[in-house]
Amino acid sequence: MGSPEAKKCKHFKKLMSKRSRHGREKLINRYNVQMKHLQRTRPDQPTVTFFGATQSVSGSMHLLEVGPYRFLLDCGLHRGPRDEARALNSRFSFDPASIDAIFLSHAHMDHCGNIPNLVRQGFSGTIYCTHATRDLIEVMLQDSARIQERESSFRGYSRLGSSQLYNMDHVQEAIDYCHSVDFDETVVVNPSVNIRFIDSGHILGSAIIYISMRHQDRNYSVTFSGDLGRQGVPYLSQPSPLPAADLVICESTYGGKTHETLAGMAEKMSQLVTKTVARGGKVLIPAFSLGRTQLVLHYLRVWMASGILPRLPIYVDSPLAREIDLIHKKYHDYLEPEVTEIPCEWLMSDDDAWYRSTHRDPCILVASGGMCEGGRITQHLKYHIDDPRSTIILVSYQSPNSLGAQLLTPVPKVFFHGHTWNKWIEVAEVNGFSGHADKNDIDVLLRDALATTGQVRLVHGEIPQLMALTAQLQQMGFANVKAPHRNESVVLGAEVFQSR
Ligand SMILES: [Zn+2]
């Protein structure tokens, strides 16, 4: 085996032969940047630095450095107050051109949404993900670019606007860099690094990523959980147990909570829908277009078919969810069979949506905008917010400043779309539709890894959830569990904790 530089050159030549002229120019730039990086520093042991989803739930992004190689685990968008999110999303704490590859866990925007911006700023490596994730990020990132372009032109910017992170060209370039693989296939990234995607049961295509490395005659391993799905809510595959590793990076969104059971969700939905129908009202369900909408539709249809819910027309107002639905049909082997005898109708125009929303017959309207902050749900809310016959059922996490959180607060009025509205609609919450593992699920998924895991780092959780899960894992017997701050690094095979 030659030196790391020699290995790099060989790998580099292979990559060059596959690229267009533009791609080759970017690769040469990346090689030059990496050579500078090599001269500056070369960690003795593999290192992971946490750049996002640290003590928060958005912007998943961690940098793995192994000798001369640099890999990103996810490259997601931060959410939060506008200026803060813009500052965090627009710049990277490393040179994007120096990154060899992205190992992408799944297609939610807080995990993939900043990839085209990385491309725009010089990334030209390979994006490894599952086949379904590749298809899903194409529609998700295109939708994001469309929204950014619309907002930018609304503000009067002719070229790439100041608030715009990327455009359709950057999205297309990112998709061209994707190398999609099967679950459980061992993928040789380069002579020192292999990866494997393991079904995490969170959304279609979502994966736990297991990375094995050989560096200076020693083996190292990292398990990155991505987002973990729930057990006991069959629709997708059940999440797989996490493989033991020198470092396990684990999500903790609901690390201190227990979700409602499927039976509890069915009973609650039955009561809410039945009394709304009796009043002659409509049931509104705001849901994120990827993941939550498909899960909600599946169970509405299952429960209607089995008589738990009254049979009502189901209308879905989300053009993006329609595109995502077609991708789900392509990968139907990964999903529970569709309940075909209960149809749902896609509302494809504003006129259709207006007609169904204002027509007097009871129905269930599922619309985009899980926290009611945007999306199609706000139009329906305008028609029904002051209608005491109707019910809005929140099935997603509601961030503290969102309209969804305002709806849940027991006050008589809410403010949105420039008006104060009487809040006479019934507001209810059913939290069991979450796509995330709860504390009991995480216990089960991590238990097998206990004996041979080195360190555990908890990410993708608010502080109370991180604290609760840290205590739980320590009680289980994990010796080294911490929740890193942004920019903190952990060295594999060492207890050293350092800050950049
Ligand atoms: Zn997710």
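Me: What should I know about the numbering and the model before starting?
Reply: Residues are numbered from 1 along each chain as its sequence is written. The model is predicted, so local features need pLDDT of at least 70 and side-chain atom pairs count only at pLDDT 80 or more, while totals for chains, interfaces and linings use all residues.

Me: Why is Asp-217 called exposed?
Reply: A residue is buried if 20 or more other C-beta atoms lie within 10 Å of its own, exposed if 12 or fewer, and partly exposed in between; C-beta atoms are placed from the backbone. Asp-217 has 6 C-beta neighbours inside 10 Å, so Asp-217 counts as exposed. Asp-217 sits in the loop between strand E9 (207–215) and strand E10 (218–224). Its phi is near 60°, a positive value in a residue other than glycine.

Me: How do you know whether His-417 is buried or exposed?
Reply: By the count of other C-beta atoms within 10 Å: His-417 has 10, and is therefore exposed. His-417 is in the loop between strand E17 (413–416) and strand E18 (419–422), and its phi, near 50°, is positive in a residue other than glycine.

Me: Which class does Arg-356 fall into, and why?
Reply: Arg-356 has 18 C-beta neighbours inside 10 Å, so Arg-356 counts as partly exposed. Arg-356 lies in helix H11 (residues 350–358).

Me: How do you know which residues Arg-356 touches?
Reply: Two residues are in contact if their C-beta atoms, placed from the backbone, lie within 7 Å. Not counting residues up to four places away in sequence, Arg-356 touches Tyr-315, Leu-347, Cys-363 and Leu-365. Tyr-315 is 41 residues from Arg-356 along the chain, and their C-alpha atoms are separated by 7.9 Å.

Me: What makes E7 and E8 a pair?
Reply: Two strands pair if DSSP finds at least two bridges between them. Strand E7 (residues 186–190) and strand E8 (residues 193–199) are joined by four bridges and run antiparallel. Val-187 stands opposite Ile-195 in E8. The two strands form a hairpin with two residues between them.

Me: Which way does E8 pair with E9, and over how many bridges?
Reply: The sense is antiparallel, over seven bridges. Phe-197 stands opposite Ile-209 in E9.

Me: What covers the faces of strand E16?
Reply: E16 (residues 391–394) is covered on both faces: Thr-391 and Ile-393 on one side, and Ile-392 and Leu-394 on the other, are all buried. Strand E12 (residues 283–287) pairs with E16 in the parallel sense over two bridges, and Val-283 has Thr-391 as bridge partner. Four bridges join E16 to strand E19 (residues 426–429), also parallel.
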